[in-house]
Amino acid sequence: MVDQQLAKSFENIGADYDRYRPGFPDAAAEVIVPEQVSTALDLGAGTGKFTELLLDRADRVIAVEPSDAMLDVLRAKLPAVEAYLGGAEDIPLADATVDAVAVAQAFHWFDREPACAEIRRVLVPGGTLGLLWNHSDPDCAWDRACHRIAHPAVADTDTTTESAAEELPGFVFVGRAEILWSEQITRADYIGRWLTVSSFLVADDATRARMVAEIDAILDADPATKGQSRFVLPMITEVFVYRAAR
Ligand SMILES: C[S@@+](CC[C@H](N)C(=O)[O-])C[C@H]1O[C@@H](n2cnc3c(N)ncnc32)[C@H](O)[C@@H]1O
């Protein structure tokens, strides 16, 4: 069951989300769209962090996103993308018009059955659905510990990717890929990133301040981050690929 308060936590965030959240490796787009297609849709596109990787892979790129604040940033950044306000459960596109649908960091927010039916409706027969998430490297103790602050109930079971079951209604599972990569991040930006995560966005001021203090304490204690203003953050992008059943 989707927590609507958390799902809607992105309604008013745009610029900060774009500034602090990580992008995605091009290899993830390659897994979903290995050959040039006519039309690709990024669903729950946010500020376009994954959408931009589709521009070299599709003649026509469409973004659908329910948050105006996110879409404003996407439109300013990626004027070549057709951007529409909308949700996964009611996609504002005609039947069988899209060759590939990508969903980055968002499928867990969708109402699964109606969203799968809508994605299948807009896809051409045999079209591709790619679901992807960035997540922490289990070997990175300090980042894992910070994840436990943000998602205490689920940090060790990996939360979001659980929604990517091998059976999605109307789809055939094709495969899963894991891409390991890393980025250099300043301590300030790492903390700024946490402030764009749903559990921080919905927290009251006192709770949010406590969560940030806990993250500071982790960074002050771990030998990899202690006293450092910049560190290497390892990341794993997990991609699940499906074909629309014919
Ligand atoms: C964590 S953000 C990911 C944004 C972007 N895909 C990225 O990877 O940067 C989750 C996005 O899902 C969107 N979202 C939430 N519920 C949705 C729904 N039912 N249909 C489509 N998008 C939804 C939010 O507005 C938000 O932009």
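How do the residues of the shell around the ligand divide into nonpolar, polar and charged? They divide into 12 nonpolar, 5 polar and 4 charged. Here Ala, Val, Leu, Ile, Met, Phe, Trp, Tyr, Cys and Pro count as nonpolar, Asp, Glu, Lys and Arg as charged, and the others, Gly among them, as polar. In total, 21 residues surround the ligand. The closest are Gly44, Gly46, Ala88, Ala104 and Ala106.

The model is predicted: local features need pLDDT of at least 70, side-chain atom pairs count only at pLDDT 80 or more, and totals for chains, interfaces and linings use all residues. Residue numbers start from 1 along each chain as its sequence is written.

The protein contains 10 helices and 7 strands. These are DSSP runs, numbered from the N terminus (helices: H or I, at least four residues; strands: E, at least two). The protein is as compact as a globular protein of 246 residues, because its radius of gyration of 18 Å is close to the 18 Å of the globule rule. The radius is taken over C-alpha atoms, and the rule is 2.2 Å times the number of residues to the power 0.38. Along the principal axes, the C-alpha atoms fill a box of roughly 55 × 35 × 30 Å.

Of the 246 residues, 39% count as buried. A buried residue has 20 or more other C-beta atoms within 10 Å of its own, an exposed one 12 or fewer, and a partly exposed one a number in between; C-beta atoms are placed from the backbone. The largest nonpolar core holds 59 residues. Such a core is a set of buried Ala, Val, Leu, Ile, Met, Phe, Trp, Tyr and Cys residues joined through C-beta atoms within 7 Å. Ile32, Ala40, Leu43, Leu74, Val101 and Ala102 touch the most other members. Strand 4 (residues 98-104) gives the most to this core, with 6 residues. Apart from it lies another core of 6 residues, including Cys140, Trp142, Ile215 and Leu219.

Two residues stand out by their backbone angles. Most residues other than glycine have a negative phi. Ala96, however, has a positive phi of about 50°. Ala96 lies in the loop between strand 3 (82-85) and strand 4. It counts as partly exposed, because it has 14 C-beta neighbours inside 10 Å. Gln105 also has a positive phi, near 60°. Gln105 lies in the loop between strand 4 and helix 6 (112-122). With 20 C-beta neighbours inside 10 Å, Gln105 counts as buried.

Key:
Near = placed C-beta within 6 Å.
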